[in-house]
Each structure stands twice: as C-alpha cells, then as structure tokens.
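Q: I'm new to this one and would like to learn how to read its features. Can we walk through it together?

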Amino acid sequence: MAQRPSKTTSSTETKAALTHIDAKGEARMVDVSAKAATERAAVAEGRVVMSKATLALIMSGKAKKGDVLATARIAGIMAAKRTAELIPLCHPLALSKVTLDISPDPKLPGCLVRATVRVTGPTGVEMEALTAVSVACLTIYDMIKAVERGARIDGIHLVEKSGGKSGHYRAEN
C-alpha cells in the first residue's frame, strides 16, 4: 500500500515488501544513492522497571558504579553514533543531533528513557533512536544489577518519525 508523504501512519499499517530482502530472498543493503538528503528525525522510548529502593539508590547518586543516569545518557548517545556497526544493514550516518532524556518515575517504579535523533540525509534515523534507548536501558541495568538482578527492560518502541518519502509516523498509544 503506497503512502503519501503528508499522511500520518499508525502502528497497525505495514508496507507490502521488506526493503532489505532482494528478489531472491537474500539480505541486502538498500541503495539510497538516488535519494535526496532531507531533514529526518526519530523518537524512541523504553523503560527500566525496578524496585522503589533501587530507584531511590539511583536518585541518591550513591550507586556503587557511579552516576547511573549520566553514564546511561552517554552510552545511549555513543550507541546511536555506532548503530551501523551494530545493525548489519544500517547505513552509517553523520547524525546532526542525539538527545537522550532519562526520567525517574516513582509510579513504575523505574526510569523512562527517551531518545531523539536528527539527521539531514537520504535515510531515516529510526534504528539510531531505538539503539540509543536500548543501550541506555542496558547500561542502567548493568549499573544496578548488583543490587537488583530482577530489574526489567521493556516497552522499547518507536514513538515518532518524520521526514523522508514515507512521511510522518506516530505510534498509537
């Protein structure tokens, strides 16, 4: 099903063909050489769920390994920049901006992790945003596992993307 660039799509709509599979069914890197460089952005989020005591430890700044949130933020930014080295068919991109916000949430209890990635280029940054969130969540887990091995990473997903031929996408709540 073709989509117009101005259309906002929902998470229930899918394209008919997988772009990373050729006519023989083999994996391939998509050729983006003929695509125009446009402004593109993606937002992804996830969470690390833990006990209230572990969240309090993070917030106190007294975790044995150091500042959990600052370390996770840096790890997520670094991961976004290295996505093409981690995901085999991703294009290396000169990212314009990576923002990683980590918010403690006593209601979970845990941390909400949200990455925003921007680029002007021929392909989108959804994988970079998702990679940033994933690695930031893994870093939080790594830094708290000594006190809580049962912490859970979940809900990692693409929240929104803009730019490119497929236009704007926002996940349904």
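Q: Let's start with a single residue. Is aspartate 142 buried, partly exposed or exposed?
A: Keep in mind that this is a predicted model. Aspartate 142 counts as partly exposed, because its relative accessibility is 30%.

Q: And which residue does aspartate 142 form a salt bridge with?
A: The partner is lysine 65, and the closest N and O atoms are 3.3 Å apart. Aspartate 142 sits in helix H4, while lysine 65 lies in the loop between helix H1 (52-60) and H2, so to speak a link between distant parts of the chain, 77 residues apart. Lysine 65 is partly exposed too, at 48% relative accessibility.

Q: How many salt bridges are there in the whole structure?
A: A search finds 7. Among them is the one between arginine 114 and glutamate 45, at 2.7 Å from N to O. Arginine 114 is partly exposed at 32%, and glutamate 45 is partly exposed at 26%.

Q: Which residues are linked in a network of salt bridges?
A: Arg47, Arg152 and Asp154 are. Within it, the side chains of arginine 152 and aspartate 154 meet at 2.6 Å, N to O. Arginine 152 is partly exposed, with a relative accessible area of 45%, whereas aspartate 154 is buried, at 19%.

Q: Now the helices. How do I read the crossing of H2 and H4?
A: Look at how close the axes come and at what angle. For helix H2 (residues 68-81) and helix H4 (residues 126-144), the axes come within 7 Å and cross at roughly 145 degrees. The crossing is right-handed. H2 contributes residues including Ala72, Ala75 and Ala79, and H4 contributes residues including Ala132, Val135 and Ile140. By type, the contact has 11 nonpolar, 4 polar and 1 charged residue.

Q: Where is the cis peptide bond from leucine 108 leading?
A: To proline 109, with omega near -15 degrees. Proline 109 is in the loop between strand S2 (97-105) and strand S3 (110-121).

How values were computed
Residues are numbered from 1 along each chain as its sequence is written. This is a predicted model: local features need pLDDT of at least 70, side-chain atom pairs count only at pLDDT 80 or more; totals for chains, interfaces and linings use all residues. Side-chain values use heavy atoms; hydrogens and water are left out. Axes are lines fitted to C-alpha atoms, for helices over the stretch in contact, and angles run from 0 to 180 degrees between N-to-C directions. Helices (H or I, at least four residues) and strands (E, at least two) are DSSP runs, numbered from the N terminus. A crossing is left-handed if the near helix is turned anticlockwise from the far one by less than a right angle, and right-handed if clockwise. Contact means heavy atoms within 4.5 Å. Ala, Val, Leu, Ile, Met, Phe, Trp, Tyr, Cys and Pro count as nonpolar, Asp, Glu, Lys and Arg as charged, and the others, Gly among them, as polar. A salt bridge is a side-chain nitrogen of Lys or Arg within 4 Å of a carboxyl oxygen of Asp or Glu. Buried means under 20% relative accessible area, exposed over 50%, partly exposed in between (1.4 Å probe, protein chains only).
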